[in-house]
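Here is a brief report on sheet architecture and charged side-chain pairs. Please keep the structure open while reading.

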There are 2 protein chains.
Amino acid sequence: MLVLITYDVNTETPAGRKRLRKVAKTCIDHGQRVQNSVFECLLDAAQYAVLKSKLTQLIDPECDSLRFYCLGNSYKKKVEHIGRCPQWSQDDVLLL
Amino acid sequence: MLVLITYDVNTETPAGRKRLRKVAKTCIDHGQRVQNSVFECLLDAAQYAVLKSKLTQLIDPECDSLRFYCLGNSYKKKVEHIGRCPQWSQDDVLLL
């Protein structure tokens with residue numbers, strides 16, 4: 001199934017910027033970056049549970065947030081992109 | 001239906017920051033901000049078409065991107081939130 005993951009990580013502190021890098025790196029390892037803080041991951045239920053657990057451990061729940069959207073298997077017709085195409089490389093971890 | 005809207009707007013220039021403010025304002029007017037650049041909007045098909053058209057006209061397609069995810073009407077079980085709850089007010093237009 002396609003799982004959409006979006007995150008907000010508070011980068012006001014060095015610790016926050018470190019969390020952001022770790023969250024981004026973990027998402028990069030499991031899916032396709034489509035915007036700066038938006039990833040699409042093709043996962044089965046077990047992989048999804050593991051990834052969610054990993055990400056949950058990386059964030060500070062007082063400052064940061066994660067959202068997961070399960071788009072199922074028939075996701076292609078549910079998604080529309082307008083504008084600049086995703087051009088993220090595996091190494092991009094932008095701090096915007 | 002629930003439409004998830006995510007955007008990346010390039011804020012390297014004053015014009016980009018102006019586009020970001022306009023995109024955010026338009027999304028605020030039509031839905032619920034759940035993360036900095038992520039909105040959930042309850043729309044019918046006509047409202048969705050109008051909003052998509054508005055947003056498309058606001059961005060610079062060479063620099064910015066919009067993504068739309070149609071989550072249908074049975075969306076509650078498809079969404080999971082972890083961490084800090086959305087605390088955006090109608091006037092928040094952050095430039096992170």
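The text below covers a sheet, its helices and some salt bridges. The model is predicted.

**Sheet and helices**

Five strands form an open sheet, ordered β5(A)-β4(B)-β1(B)-β3(B)-β2(B). Pairing is antiparallel. β5 (79-83) of chain A and β2 (32-35) of chain B are the edge strands. Each has a single partner strand, so one side of each lacks a neighbour in the sheet. On average, neighbouring strands are turned by 25° against each other, direction ignored.

Inside the sheet, β1 (residues 2-8) and β3 (residues 38-42) of chain B run antiparallel, joined by five bridges. Ile5(B) stands opposite Phe39(B) in β3(B).

Helix α1 (residues 14-30) of chain B lies across β1, β2 and β3 of chain B, at about 170° to β1(B). Helix α2 (residues 45-58) of chain B lies across β5 of chain A and across β1, β3 and β4 (65-72) of chain B. The α2 helix runs at about 170° to β4(B).

**Salt bridges**

The count over all chains is eight salt bridges. The table includes three of them.

| Pair | Closest N to O |
|---|---|
| Asp29(A) and Lys25(A) | 3.0 Å |
| Glu40(B) and Arg67(A) | 2.7 Å |

Asp29(A) and Lys25(A) are four residues apart in helix α1 of chain A, about one helical turn. Asp29(A) is partly exposed, at 48% relative accessible area. Lys25(A) is also partly exposed, at 45%.

Glu40(B) lies in β3 of chain B and Arg67(A) in β4 of chain A, so this pair joins two chains. Both residues, Glu40(B) and Arg67(A), are buried.

Arg19(B) sits in helix α1 of chain B, and Asp64(B) in the loop between α2 and β4 of chain B, 45 residues apart. Arg19(B) and Asp64(B) are buried.

Definitions and conventions:
Residues numbered from 1 in each chain as written. Chains lettered and ligands numbered in written order. Predicted model: local features only at pLDDT ≥ 70, side-chain atom pairs only at ≥ 80, totals over all residues. Heavy atoms only, no water. Pairing = 2+ DSSP bridges. Axes fitted to C-alpha atoms, helices over the stretch in contact; angles between N-to-C directions. Contact = heavy atoms within 4.5 Å. Salt bridge = Lys/Arg side-chain N within 4 Å of Asp/Glu carboxyl O. Buried < 20%, exposed > 50% of the residue type's maximum accessible area, 1.4 Å probe, protein only.
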